[in-house]
Amino acid sequence: MSAIVSATDARRSRVRLLIVTMLFLVTTVNYADRATLSIAGPALSKELHLDPVAMGYVFSAFGWSYVIAQVPCGWLLDRYGSKWVYAISIIVWSIFTAMQGLVGFLSAGAAVALLFGLRFLVGFAEAPSFPANARIVAAWFPGNERGTASAFFNSGQYFATVIFAPLMGWIAHEYGWRHVFYVMGGLGIVMGIAWIKTIYEPKDHPAINEAEFDYIKQGGALVDMDAAKSGKAHDSGPGWDHIRQLLANRMMLGVYIGQYCINTLTYFFLTWFPVYLVKERGLSILQAGFVATLPALCGFIGGVLGGVISDYLLRRTGSLTMARKIPIVGGMLLSMTIIACNYVDSQALVVGFMALAFFGKGIGALGWAVVSDTSPKEAGGVSGGLFNTFGNLSSITTPIIIGYILAATGSFNGALVFVGANALVAAIAYLFIVGEIKRVQLKAA
């Protein structure tokens with residue numbers, strides 16, 4: 001029997017690994033483009049004379065449009081499929097990223113208005129990205145590999161800092177902050193072209209063989225998710241009743257609250273963390289770019305490890321609920337070590353506690369695996385859009401709240417307590433609100 005199984009495994013293609021690698025690379029560029037402003041921020045704010053509150057609002061511009069566009073973009077994904085909606089998204093957000101480098105040629109008031117507007121447009125353009133990632137993982141991966149696949153693409157947010165924070169810091173130091181936006185925008189356009197050449201539905205991919213297709217289908221992959229986009233039943237996409245049912249589901253509400261709190265850590269890291277290193281800890285922009293890589297690397301390792309642990313627990317226990325909740329709750333409790341930075345003076349200890357906090361955040365960042373596990377087949381994009389809407393409300397609130405804390409206290413101490421408290425609330429949401437994790441079954445309208 002083992003010989004037969006081994007022979008089957010040997011014949012099975014591994015196209016799904018190429019697909020998730022592409023998701024990882026696009027997510028890496030996605031988060032690098034979100035972080036451009038945080039790296040350029042200290043020099044940009046000095047040149048344009050922006051105070052912390054003004055910077056907080058500029059940082060939040062991305063979040064407003066990103067949140068507003070989530071559900072409409074989820075509908076577009078369910079209506080037209082992931083490949084082309086995502087491809088257009090990548091290219092458009094990259095163009096708007098590159099254009100941010102032009103704001104330095106304007107007067108301060110006009111520059112701030114244009115910068116806010118361009119960040120707002122980047123948020124709109126990036127809105128389909130994570131719902132599309134979740135749909136593609138649901139279509140390409142069996143249930144017992146979904147946690148690892150989701151954690152792998154999600155870990156691109158940390159890898160973005162590992163690779164691009166030093167690069168962007170060096171560019172800003174050597175050539176000026178404007179070139180950070182030019183370089184990252186150009187890279188994104190290249191990535192969009194690569195996406196078009198790489199991504200297909202499972203049944204359409206030229207390299208997949210029957211053995212792999214049967215394996216992922218029998219394992220619960222939704223291989224026909226986009227198979228009938230021209231059919232009458234799918235022409236209108238999901239309806240408002242689907243949204244109402246998802247919002248009325250206690251499990252999903254607990255997941256939404258948890259993701260909002262988890263993303264508070266993400267957006268502190270993407271917006272204020274380099275500023276914290278420069279203003280509170282006395283590093284240069286170049287040093288901050290390099291120092292930020294260690295917490296990011298730990299977040300990346302934790303992110304991949306969280307998915308591996310989760311899928312291991314699923315195989316050992318057969319309980320999807322335990323397999324997802326244990327890493328999420330444990331990781332969030334570990335993330336609370338960020339508060340310890342308030343009680344140490346050594347830069348090495350600060351970086352160490354930040355690294356530990358983001359390692360925990362990485363382990364606990366399994367929300368997109370939960371979305372792939374729970375989203376109804378007929379509304380996967382809308383389900384992911386709702387999840388990302390709630391999760392990314394923190395992209396609006398986090399930079400603004402921290403900006404006001406800094407303006408009121410002149411210190412990051414309260415900001416770190418705020419971030420750590422959100423990690424605690426995320427753990428509580430998964431422990432006491434979510435309940436059993438299972439796929440949502442929508443009722444016919």
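Is E126 buried or exposed? I looked up its accessibility and found E126 buried, with a relative accessible area of 0%. I took buried as under 20% relative accessible area, exposed as over 50% and partly exposed as in between, with a 1.4 Å probe and protein chains only.

**Entry 1. Basis**

I worked from a predicted model, in which local features need pLDDT of at least 70 and side-chain atom pairs count only at pLDDT 80 or more, while totals for chains, interfaces and linings use all residues. I number residues from 1 along each chain as its sequence is written, and side-chain values use heavy atoms, with hydrogens and water left out.

**Entry 2. Salt bridges**

I counted a salt bridge where a side-chain nitrogen of Lys or Arg lies within 4 Å of a carboxyl oxygen of Asp or Glu.

I turned to the partner of E126, which is R34, with the closest N and O atoms 2.8 Å apart. The pair links distant parts of the chain, since E126 belongs to helix α6 (residues 108-126) and R34 to helix α2, 92 residues apart. I took helices as DSSP runs of H or I with at least four residues, and strands as runs of E with at least two, numbered from the N terminus. R34 counts as buried at 3% relative accessibility.

I also noted the ring contacts of R34, where a charge sits over a ring if NZ of Lys or CZ of Arg is within 6 Å of the ring centre and within 35 degrees of the ring normal. R34 lies over the face of Y31, at 4.3 Å from the ring centre. The charged end of R34 also sits over the ring of Y66, 4.6 Å from its centre.

I then examined R16 and E145, whose side chains form a salt bridge at 2.9 Å, N to O. This pair joins helix α2, which holds R16, to helix α8 (residues 143-154), which holds E145, across 129 residues. Both R16 and E145 are buried.

For contrast in setting, I looked up R244 and D241, which meet in a salt bridge at 2.9 Å, N to O. Both lie in helix α12 (residues 240-247), three residues apart, about one turn of the helix. D241 is partly exposed, with a relative accessible area of 23%. I recorded one network as well, in which salt bridges that share partners join R146, D311, R324 and D373.

**Entry 3. Aromatic pairs**

I paired rings of Phe, Tyr and Trp (its six-membered ring) if their centres lie within 6.5 Å; planes under 30 degrees apart are stacked, over 60 edge-to-face and the rest tilted. The structure holds 23 aromatic pairs. One of them, F269 with F273, is stacked, at 4.9 Å centre to centre and 25° between the planes. Both residues lie in helix α13, four residues apart. F269 is buried at 7% relative accessibility, and F273 is buried at 2%.

Y276 and F412 form an edge-to-face pair, at 5.1 Å centre to centre and 75° between the planes. Y276 lies in helix α13 and F412 in the loop between α20 (394-409) and α21 (413-432), so the pair ties together parts 136 residues apart in sequence. Both Y276 and F412 are buried. I found that F268, F269, W272, F273, Y276, F358 and F412 form one aromatic cluster.
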